[in-house]
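Q: I am new to this structure and would like a guided look at it. Could you put it on the screen, please?

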Amino acid sequence: MPGLATAANGRVGAADPVGWTVLTTRFTSAFGLSHAIALAPMAHAAGGALAAAVARAGGLGLLGGGYGDADWIDAEWARANGAPIGIGFITWALTRDVLDAALARSPRAVMLSFGDPAPFAGAIHAQNIPMICQCQTLDHARAALNAGAQTLVAQGSEAGGHGATRGTLTLVPELADLIADRAPQTLLLAAGGIADGRGLAAVLMLGADGALVGTRLWAASEALVPHGFQDAAVAATGDATLRTKAPDAARLLAWPDPFTIRVMRSGFTDRWHDDPATLRTDPAARAQWQVAQTAGDPVNGSPVAGESVALIHDIRPAAAILGKMTAEALARLGAYACAAGVTHDGQNAGQDVGATP
Ligand SMILES: Cc1cc2nc3c(=O)[nH]c(=O)nc-3n(C[C@H](O)[C@H](O)[C@H](O)COP(=O)(O)O)c2cc1C
């Protein structure tokens with residue numbers, strides 16, 4: 001790839017996005033993007049620098065508004081330095097005050113995850129701001145469509161951070177079918193396990209208009225993630241993560257069912273995964289976890305990342321990650337079309353690649 005140099009420690013410095021190929025989908029057309037990729041609004045990790053880097057590279061940059069910490073949002077929005085970014089919130093923790101403050105900034109989009117979007121939909125629609133809803137089940141998707149979501153995100157269990165149990169491979173086409181049936185103008189992004197061009201090409205084939213990427217961009221140079229956690233992710237395989245309630249117990253957070261959080265396995269999860277109730281009553285253990293999270297200690301903490309850590313081999317700028325994913329996806333899609341002998345008008349001019357019963 002042009003303009004990239006990999007250092008011995010796996011951190012990549014210079015990035016030259018000039019010359020990256022553009023991938024056009026309904027999602028890129030609707031938002032005026034050159035990559036069919038949105039940055040997941042990762043609480044604590046997707047700050048202003050990362051959201052702005054994604055936006056300036058031609059993706060949809062979403063600030064991680066998380067639980068609605070107004071001071072953090074103020075500071076990070078300022079760090080985006082005028083880039084056209086959006087913001088995402090954890091719906092069950094959101095208040096109207098926090099939403100209204102965000103809407104006053106004219107965000108590119110507002111994304112709501114983990115809870116009923118209906119109470120907030122009216123305020124978002126009133127300002128003509130696209131509402132993106134992350135869904136883990138068919139019922140979540142129906143509720144989002146009823147609330148007038150412009151974009152659904154089908155989030156599979158492979159995802160880093162909070163989520164539920166359905167897999168990306170089946171949830172994406174099921175929501176694509178629901179959208180085709182009920183509201184064909186609605187856009188669909190896929191989330192969970194997408195970290196390279198193969199994943200991006202695959203979810204386009206499943207019926208998505210693009211991908212919402214968390215873990216791969218959590219491992220970007222601009223992310224607010226301690227180096228110790230990013231380095232642990234580079235060294236890890238996809239077997240090294242689990243869904244658990246332990247980190248929420250350490251923070252005394254009351255996450256509703258069906259949500260658990262996917263993190264990297266560690267000494268902390270080995271000790272507390274099966275006993276989060278006791279962790280809630282142990283202030284010393286909770287404080288030790290907090291110190292480890294701040295320091296980036298992957299043994300005593302629990303790096304929040306998904307199964308796609310398996311596909312992360314370096315830490316590089318977000319623009320380079322997006323460029324590489326798009327170029328790889330286009331190469332995959334083009335190679336498939338050539339192998340299948342598909343001509344420009346979509347006819348199969350070569351060998352038969354489909355099974356005919
Ligand atoms: C570190 C981290 C923090 C996350 N925090 C949030 C969040 O605050 N709000 C949210 O909607 N999703 C959050 N997610 C989930 C993402 O929205 C997305 O579904 C997920 O990252 C996609 O899967 P991937 O990690 O395999 O790319 C988080 C994910 C990660 C990795």
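A: One convention comes before anything else: helices (H or I, at least four residues) and strands (E, at least two) are DSSP runs, numbered from the N terminus. Residues are numbered from 1 along each chain as its sequence is written. This is a predicted model, in which local features need pLDDT of at least 70 and side-chain atom pairs count only at pLDDT 80 or more, while totals for chains, interfaces and linings use all residues.

Q: Thanks. Where does Asn 128 lie?
A: Asn 128 lies in the loop between α5 and β5. Its phi is positive, about 60°, although Asn 128 is not a glycine.

Q: What about Ser 106, what is its phi?
A: Ser 106 also is not a glycine, and its phi is positive at about 50°. Ser 106 sits in the loop between α4 and β4. With 11 other C-beta atoms within 10 Å, Ser 106 is exposed.

Q: Let us turn to the sheets. In what order do the eight strands come?
A: The eight strands form an open sheet in the order β1-β9-β8-β6-β5-β4-β3-β2, with parallel pairing. Here two strands pair if DSSP finds at least two bridges between them. The edge strands, each pairing on one side only, are β1 (37-39) and β2 (62-64). From one strand to the next, the twist averages 25°; axes are lines fitted to C-alpha atoms, for helices over the stretch in contact, and angles run from 0 to 180 degrees between N-to-C directions.

Q: How does β4 pair with β3?
A: β3 and β4 are parallel and share four bridges. Within β4, Met 111 is the residue opposite Gly 88. Together with helix α4 (residues 96-103), β3 and β4 make a right-handed β-α-β unit. A crossover is right-handed if, with the strands pointing away from the viewer, the path from the first strand over the helix to the second runs clockwise.

Q: Which strand is joined to β4 by four bridges, counting from residue 131?
A: That is strand β5 (residues 131-135), which runs parallel to β4. Leu 112 faces Cys 133 of β5. The chain passes from β4 through helix α5 (residues 118-126) to β5, and this β-α-β crossover is right-handed.

Q: How many bridges join β6 to β8?
A: Five bridges join strand β6 (residues 151-155) to strand β8 (residues 187-191), and the two run parallel. Val 153 stands opposite Leu 189 of β8.

Q: Now the three strands: what is their order?
A: They form an open sheet in the order β7-β11-β10, with antiparallel pairing. β7 (161-163) and β10 (241-244) are the edge strands, and the twist averages 30° from one strand to the next. Three bridges link β7 with β11 (residues 260-264), and Gly 163 is opposite Thr 260 in β11.

Q: What kind of peptide bond joins Asp 257 and Pro 258?
A: The bond is cis, with omega about 5°. Pro 258 belongs to the loop between α11 and β11.

Q: Where is Trp 255 found?
A: Trp 255 is in the loop between α11 (246-250) and β11. Since Trp 255 has 18 C-beta neighbours inside 10 Å, it counts as partly exposed. Trp 255 and His 162 are 93 residues apart in sequence, yet 9.2 Å apart in space, C-alpha to C-alpha.

Q: Finally, which residues come nearest the ligand?
A: Of the 29 residues around the ligand, Ser 113, Ala 159, Gly 160, Gly 161 and Gly 214 come nearest. The elements giving two or more residues to this shell are β3 (86-90), β9 (210-213) and α9 (215-218). A residue is near a molecule or strand if its C-beta atom, placed from the backbone, lies within 6 Å of it.

Notes
Buried ≥ 20, exposed ≤ 12 C-beta atoms within 10 Å, placed from the backbone.
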